[in-house]
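Hi,

Here is the structure I said I would pass on.

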Amino acid sequence: MLNSLDMNTMMKYQRKNGSLFNSPATTAAVFQHLNNADCLSYLQSVLQKFGNAVPTVYPLDIYARLHMIDSLERLGINHHFKDEIQTVLDETYRYWLQGAEDIFLDPTTCAMAFRMLRLNGYDVSSDPFYQYSEDKFANSLKGYLKDVSAVLELYRASQFIIHPDESILVKQSSWTRNLLKHYSSPYQFNADKLRTYVDNEVNDVLNFPHHANLERLLNRRSVEHYNADETRILKASYRSCNLANRDILKLAAEDFNLCQSIHNKELKQLGRWIVESRLDKLEFARQKLAYCYFSSAATLFAPKLSDARISWAKNGVLTTVVDDFFDVGSSQEEQENLIQLVEKWDVDVNTVCCSEAVKIIFSAVRSTICEIGEKSVERQGRNVKDNVIKIWLDLMRSMFKEAEWLRTKATPTIDDYMQNAYVSFALGPIVLPALYLVGPKLSDDVAENQELNYLFKTMSTCGRLLNDIQGFKRESEEGKLNAVSLHMVHGNGVVTYEGTIDKIKGVIEDKRRELLRLVLKEKGSLVPRDCKDLFWKMMKVLNLFYMKDDGFTSNEMMYSTVNAVLKDPIILNELL
């Protein structure tokens, strides 16, 4: 083949290190014909490093390090290597700013570097992906090789849109997704034909987009699909212990099972709390402890986050009970009584409660708030009880307003509805108190800052709209209004159901991207990143729960999914 090629034309692919495509074999073949000094220098440097044998691709350092970090994160053991990961990311960012060929001339490395740097708060542009548009990728080396790893990484990178002018990522998401779907057909990607786990990777990335991929579920799937003996093939097969090894798999399995044993103890503790608080005596209330605790354990899984998990789960149970109380389980007198009790706070529950239901709910809410206040003293150096009381009052007042609309058959404007509905969606008591328990100091000034309020409103608006789309039919049958029905009511008969759903889905997508931008924002941000992450973690929970139906109401909520996180251990011997 070399005899039929114009060697001088091929030299346009020569890199600064003297190689062609970082390939010793290709570079050697060209050197035989042209005696190019830079080719020789590259070959000598490789031989000097490796002796009488050379790797298929060299250098592979940046890719190998990023792949290692990605593996550690996907396996859920990155918290053991924080300093090492930070060092690699800082170094990668320096290479990015320098325009390093090893990043920008390889679509896989470029996409991986972009995704990991952006996800960790580094300021990186999506402009480099213009060189990997659909037609250009098809005519590239990795496109010719049908390299599924490159397509996978380009697709993953496309999910991190945070600016309105990133149309390149929107297009990239579309064509790479279609190509990955095509891969599931008889058409084959040759470059990875020895990777027996590639089908699992493709299915995983297509079925679980980043915004609906709970960490612990991702960790479990990654452990179960991990190929400790991974071999890849380009023009020759190669293995690298930096890309996969059994020690990493063993650590991941042991870490997962250790966390799961802690989660089991906490879940039993919460079960006793429900009985002791007599919440199980409220016949109108849904019992959703497993789901509430699952949502915390699947995202805040580290052992040191126990206080945050317990707060998240208890408040999840209580908001469900209070929602059902205002929805179907109380009179107007009972609703007003509950709100007044929280406002007054220091009261004798045996004399001021107008019903047993009010007494049970107020007592459980008060004891939980006091417990969070006591825990916050250890982490924040002050008691945040009053802050949490305000969060609960905001929720109850918003739920009371919705109950009033239903009683009076009022039809609010869409703006009035949404201004109340993002609060009544009840994420406030779940997410906001947990901010004080995840580690960083959070002053009252920051807690009341516009940035944090905007994070909360953006997350809650997304959740409310997801809920209203999935719950439209059920709520319409119950005579309740929501965002979907109000758009149609105020549309004067012109707005269709399909048009409304499309419009609301567009709003959800915009809000989701805005939330990701806020979470990843470093410059000018006052809220600590560990705290901001909670809003994105809840967003993932919501997108998973509402992926197919109203997951919080459906009897077919993913039982096996919950068990995978809370009950079923990973059997390492089966994986090996």
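Let me start with a distance: the centres of domain 1 and domain 2, taken over C-alpha atoms, are 26 Å apart. Bear in mind that this is a predicted model. For orientation, the protein is divided into domain 1 (7-50), domain 2 (60-207) and domain 3 (251-574).

Five residues of domain 1 are in contact with four residues of domain 2. Together the two domains bury about 410 Å² between them, with carbon and sulfur atoms giving 47% of that area. On the domain 1 side, Arg-15, Lys-16 and Phe-21 lose the most area to domain 2, and together they make up 84% of what that side buries.

What about charges across this interface? The rule finds one salt bridge between domain 1 and domain 2. Arg-15 also forms a salt bridge with Asp-102, where the closest N and O atoms are 4.0 Å apart. Polar contacts between domain 1 and domain 2 come to two residue pairs. As for the make-up of the domain 1 side that touches domain 2, its residues divide into one nonpolar, two polar and two charged.

Then there are the rings. Searching the whole structure gives 13 aromatic pairs. One cluster to look up is Trp-96, Phe-104, Phe-114 and Phe-129, which are linked by ring pairs.

Two charged side chains also sit over rings. Lys-49 lies over the face of Phe-50, at 5.8 Å from the ring centre. Arg-407 does likewise over the face of Phe-400, at 5.4 Å from the ring centre.

Cheers

Methods:
Residues numbered from 1 in each chain as written. Predicted model: local features only at pLDDT ≥ 70, side-chain atom pairs only at ≥ 80, totals over all residues. Heavy atoms only, no water. Domains from an automatic or database assignment. Contact = heavy atoms within 4.5 Å. Buried area = accessible area lost by both parts, 1.4 Å probe. Salt bridge = Lys/Arg side-chain N within 4 Å of Asp/Glu carboxyl O. Polar contact = N/O pair within 3.5 Å; in protein donor to acceptor, adjacent residues only side chain to side chain. Nonpolar A, V, L, I, M, F, W, Y, C, P; charged D, E, K, R; others polar. Phe/Tyr/Trp six-rings, centres within 6.5 Å; stacked < 30°, edge-to-face > 60°. Lys NZ or Arg CZ within 6 Å of the ring centre and 35° of its normal.
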